[in-house]
Amino acid sequence: MEWVLLVVAGLFSGIVGALVGLGGGVILVPAVLFFGTTLALIPNITPQSVVGLSVIMMIFTGLSSTLSYMKSKTVDFRSGFIFFIGSIPGTILGAWVNKGLDLPSFNLYFGILLIVLSTLLLVRDHLKPVRWFVENGKKRTFKDEKDTYVYGYPIWFALVLTFGVGFASGLFGIGGGSIIVPAMILLFLFPPHVAVGTSMFMVFLSAIVNSATHISLGNVPWLYTIPVVPAAYIGAKIGAKLNKKLNSDSLVLALRIVLLLLGVRSIIDGLF
């Protein structure tokens with residue numbers, strides 16, 4: 001039974017993660033914690049082990065998604081490398097801090113993070129574009145079939161921001177995409193499709209570092225990676241294909257809904 005649940009969780013995590021650039025951990029972590037702790041259907045699940053499972057999965061979802069987005073030329077490799085470099089120390093620090101979190105605290109802090117992110121996207125349409133980062137940073141352009149987009153950022157700010165992204169990634173096993181995608185869209189004015197593709201490239205790179213840290217801490221339940229990894233890899237392929245068929249507004253709406261629902265659920269688990 002636990003393997004069936006893990007396959008379903010992995011498949012859904014891969015689809016949603018690749019669709020909106022989350023990396024999948026933001027789906028897998030609360031799903032496995034719910035099945036494993038609330039319903040007691042998956043033995044020996046702790047916040048540490050589910051984070052270890054998630055970061056291993058994200059290596060494969062990140063790789064699968066990146067290969068798909070490369071075909072549609074929506075991966076900004078230069079930005080992805082810059083974001084990855086900034087995230088490395090934060091990822092290692094977050095993984096070490098994760099050791100001291102119990103389950104209620106983990107759920108509560110994780111839920112608060114998701115609510116903050118979803119709120120930022122919910123008010124996005126009512127905020128004026130933050131052009132300071134583009135005007136005071138390195139500008140880049142992207143052309144699709146209809147429009148030309150100008151986006152950019154100061155490199156120093158990107159490094160500081162992605163240190164925080166890496167910390168959250170190591171702490172919660174979420175891959176960092178759930179934080180960096182809203183930042184790229186709201187602050188750096190990335191086109192949503194480029195934000196998603198670039199995010200998945202960064203998720204792939206940072207998941208390698210994140211996994212090495214959690215493996216060294218003994219947090220990876222290797223038996224559970226057998227059903228999760230193939231399912232998530234296939235799901236990421238499906239999600240990347242769906243991404244190409246949806247317009248930008250649909251992607252942002254999907255991101256809002258996913259983060260809000262998961263955040264509310266996680267806070268309820270943490271408090272009660």
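**Exercise 1. The fold as a whole**

In what order do the elements of the protein chain run from the N terminus on? Work out the order, then describe the overall dimensions of the chain.

*Solution.* The structure is a predicted model, in which local features need pLDDT of at least 70 and side-chain atom pairs count only at pLDDT 80 or more, while totals for chains, interfaces and linings use all residues. Residues are numbered from 1 along each chain as its sequence is written, and side-chain values use heavy atoms, with hydrogens and water left out.

Step 1: Helices (H or I, at least four residues) and strands (E, at least two) are taken as DSSP runs numbered from the N terminus; the protein chain has 11 helices and 2 strands, in the order α-α-α-α-α-α-β-β-α-α-α-α-α.

Step 2: The radius of gyration, taken over C-alpha atoms, is to be set against the globule rule, 2.2 Å times the number of residues to the power 0.38. For the protein chain it is 17 Å, close to the 19 Å that the rule gives for 272 residues, so the chain is as compact as a globular protein of that length. Along the principal axes, the C-alpha atoms fill a box of roughly 50 × 35 × 30 Å.

Step 3: With buried meaning under 20% relative accessible area, exposed over 50% and partly exposed in between (1.4 Å probe, protein chains only), 57% of the 272 residues count as buried.

**Exercise 2. The salt bridge**

Which residue forms a salt bridge with aspartate 76?

*Solution.* The partner of aspartate 76 is arginine 140, with the closest N and O atoms 2.8 Å apart.

Step 1: Aspartate 76 counts as buried at 5% relative accessibility, while arginine 140, at 23%, is partly exposed.

**Exercise 3. Positive phi in two loops**

What is the phi of alanine 40, and what is that of lysine 73? Place each residue in its loop.

*Solution.* Step 1: As background, most residues other than glycine have a negative phi.

Step 1: Alanine 40, in the loop between helix 2 (25–38) and helix 3, has a positive phi near 55° and is exposed, with a relative accessible area of 63%.

Step 2: Lysine 73, in the loop between helix 3 and helix 4, has a positive phi near 60° and is likewise exposed, at 69%.

**Exercise 4. Helix 7**

How many residues does helix 7 have, and what distance does it reach from its first C-alpha to its last?

*Solution.* Step 1: The expected span of a helix is 1.5 Å times one less than its number of residues. Helix 7 (residues 155–172) has 18 residues and reaches 25 Å, close to the expected 26 Å.

Step 1: Among the buried residues of helix 7 are Phe157, Val165, Leu171 and Phe172. Glycine 173, with a positive phi near 70°, follows the helix.

Terms used. Salt bridge = Lys/Arg side-chain N within 4 Å of Asp/Glu carboxyl O.
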